[in-house]
Amino acid sequence: SHYGKVLSQSKVATQYKVGQAKANGADHTRQVIEANMRAQAETIKALNHIKDEERKSDNRRKAHAERKEQQDLATHNESIQRRNDALDRFQNCLEAREANEARQEEQFQMAQATANERLLLRNIQREEAI
C-alpha cells in the first residue's frame with residue numbers, strides 16, 4: 001500500500017537525518033530531536049498528500065458511477081416511454097376497430113329493419129290484393 005511504502009521511506013529518511021545529526025557532532029539532544037521532528041513532518045505531509053489523492057480518486061469514481069446510473073435510468077425511462085407509446089397506439093387501434101364494428105352492426109341492423117319493413121309492406125299488399 002502507499003502508506004506502508006511512505007512509512008518505510010520515512011523510517012529510512014528519519015534514520016538518515018538522525019545519523020547525519022549525530023555524525024555532525026550532535027548529541028542525543030536538541031539537534032537529533034529537531035531532525036526527527038522534521039522527518040516526521042515530511043512523513044505526515046506525504047501521508048496527507050496520499051489521503052488527498054485517494055479522496056480525489058474516490059470522488060471521481062463516485063461521480064462516474066452517478067453519471068452512469070443517471071444514464072442507465074434515462075435509457076430505461078426512454079424504453080418504458082417507447083413501450084407506453086406502442087401500447088397507446090395499440091389501444092387506439094382497438095378502440096377504432098370496436099367503433100368500426102359497432103358502426104357496421106348498426107348499419108346491418110338498419111338494413112335488416114329496412115328489409116323487414118319491405119317484407120311487411122309486401123305481405124300487407126298481398127293480403128289487400130286477396
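User: In which helix does threonine 43 lie?

Analyst: Threonine 43 lies in helix H2, where helices (H or I, at least four residues) and strands (E, at least two) are DSSP runs, numbered from the N terminus. This is a predicted model, in which local features need pLDDT of at least 70 and side-chain atom pairs count only at pLDDT 80 or more, while totals for chains, interfaces and linings use all residues. Residues are numbered from 1 along each chain as its sequence is written, and side-chain values use heavy atoms, with hydrogens and water left out.

User: Why is threonine 43 called buried?

Analyst: Buried means under 20% relative accessible area, exposed means over 50%, and partly exposed is in between, with a 1.4 Å probe and protein chains only. Threonine 43 has a relative accessible area of 10%, and is therefore buried.

User: What does the side chain of threonine 43 reach?

Analyst: The side chain of threonine 43 reaches the backbone oxygen of alanine 39 at 2.9 Å. A polar contact is a pair of N or O atoms within 3.5 Å; within protein, one must be able to donate a hydrogen and the other to accept it, and residues adjacent in sequence count only if both atoms are side-chain atoms.

User: What makes the pair of lysine 56 and glutamate 53 a salt bridge?

Analyst: The term requires a side-chain nitrogen of Lys or Arg within 4 Å of a carboxyl oxygen of Asp or Glu. The closest N and O atoms of lysine 56 and glutamate 53 are 3.8 Å apart, and the two form a salt bridge. Both residues lie in helix H2 (residues 30-129), 3 residues apart, which is about one turn of the helix. Lysine 56 is partly exposed, because its relative accessible area is 39%, and glutamate 53 is partly exposed at 35%.

User: How do you know that lysine 68 and aspartate 72 meet in a salt bridge?

Analyst: The N to O distance between the side chains of lysine 68 and aspartate 72 is 3.0 Å, and they meet in a salt bridge. Being 4 residues apart in helix H2, lysine 68 and aspartate 72 are separated by about one helical turn. Lysine 68, at 43% relative accessibility, counts as partly exposed, and aspartate 72 is likewise partly exposed, with a value of 39%.

User: What makes the link between glutamine 109 and glutamate 105 a polar contact?

Analyst: The side chain of glutamine 109 makes a polar contact with the side chain of glutamate 105 at 2.7 Å. Glutamine 109 is placed in helix H2 and is partly exposed, with a relative accessible area of 42%.

User: How many helices and strands are there, and what percentage of the residues is buried?

Analyst: The protein has 2 helices and 0 strands, and buried residues make up 9% of its 130 residues.
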